[in-house]
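Thanks, everyone; I would like to walk through a few packing details, so please have the sequence and the model open as I talk.

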Amino acid sequence: MTREGIRNIVILTGAGVSAESGLATFRGPDGLWEGHRVEDVATPEAFRRDPGLVHAFYDARRAKLQTVTPNLAHEALARLDEQWPGELLLVTQNVDDLHERAGSNRLIHMHGQVKKGWCLRCGNRFAWDGAMGTGAECPSCGGIGQVRPDIVWFGEMPYEMERIDQAVRDCDLFVSIGTSGAVYPAAGFVQTARYCGGRTLEINLEPSMGSFFFDESRMGKAAELVPRWVDELLA
Ligand code: OAD
């Protein structure tokens with residue numbers, strides 16, 4: 001791929017970009033996410049029904065993050081962010097912090113962040129390290145037990161959709177990396193980009209559910225293919 005005619009780039013990442021750092025993808029072969037059904041840990045109903053279980057699940061995800069580091073794919077995307085002279089937006093569905101730890105700045109976490117909390121009493125969102133649990137105290141209002149992980153659960157609206165939608169419409173190149181294409185609205189970005197005249201590239205271990213919408217598909221591991229693609233683009 002050459003950079004000819006490309007100024008604005010939007011990159012969408014999913015769990016596959018963090019797989020080689022040691023974080024589990026969502027849709028494993030058994031259909032479970034770290035041993036849980038998604039509807040038991042990633043919905044507002046699950047949180048109302050059993051907040052202890054949901055907190056324990058995300059507390060474990062937060063603890064696990066301390067044990068992993070960004071891989072070559074995160075690092076290559078940070079290098080592209082630093083060196084690309086045009087517009088660039090990295091939209092991640094991941095709730096880990098590996099893109100920012102690698103150095104990406106032009107970044108949106110459309111599904112929230114496991115290392116942030118959201119107080120349902122005062123509405124504020126804040127950085128959160130360590131366990132949260134059911135008795136957490138809000139650092140803004142002091143309310144007890146009304147802090148939840150700042151994660152966009154199923155049935156909730158992803159963050160910054162207007163800004164993302166505009167960037168996807170305006171992009172010359174849309175690249176999807178390490179996502180199964182199973183969850184909307186992210187799964188629909190490729191169609192919007194295409195409709196608005198952007199070129200589309202997919203990098204994934206296997207064809208995603210929307211693979212046929214992409215102009216080009218590259219199958220393989222993100223930590224190998226992403227640095228190669230970034231080298232091509234910056235050459
Ligand atoms: P999935 O687990 O659905 O898909 C991960 C994709 O990455 C799969 O297509 C894998 O084949 C691919 N993959 C695995 N290892 C890879 C590697 N080393 N290199 C490249 N690709 C690899 O995860 P997402 O598509 O991110 O939402 O899931 C989307 C959303 O569903 C998540 O953000 C989450 C989840 O439920 C919420 O929590 C709201």
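Setting aside its neighbours within four places in sequence, Ser 176 is in contact (heavy atoms within 4.5 Å) with Leu 12, Leu 201, Glu 202, Ile 203 and Phe 214. Ser 176 belongs to strand S7, residues 173-177, where strands (E, at least two residues) and helices (H or I, at least four) are DSSP runs numbered from the N terminus. With a relative accessible area of 5%, Ser 176 is buried, a word that means under 20% relative accessible area with a 1.4 Å probe and protein chains only.

A caution on sources: this is a predicted model, in which local features need pLDDT of at least 70 and side-chain atom pairs count only at pLDDT 80 or more, while totals for chains, interfaces and linings use all residues. Residues are numbered from 1 along each chain as its sequence is written, and side-chain values use heavy atoms, with hydrogens and water left out.

Turning to helix H4, residues 51-65, the buried residues there include Val 54, Phe 57, Asp 59 and Arg 61, and what covers the buried residues of H4 includes helix H2 (38-41), helix H3 (44-49) and strand S4 (112-119).

Lastly, helix H5 (residues 72-83) packs with helix H9 (residues 222-234) at an angle of about 20°, their axes being 7 Å apart; axes are lines fitted to C-alpha atoms, for helices over the stretch in contact, and angles run from 0 to 180 degrees between N-to-C directions. H5 and H9 are therefore roughly parallel to each other, a label for angles under 35 degrees.

How values were computed
Angles under 35 degrees count as roughly parallel, over 145 as roughly antiparallel, 65 to 115 as roughly perpendicular and the rest as oblique. Buried means under 20% relative accessible area, exposed over 50%, partly exposed in between (1.4 Å probe, protein chains only).
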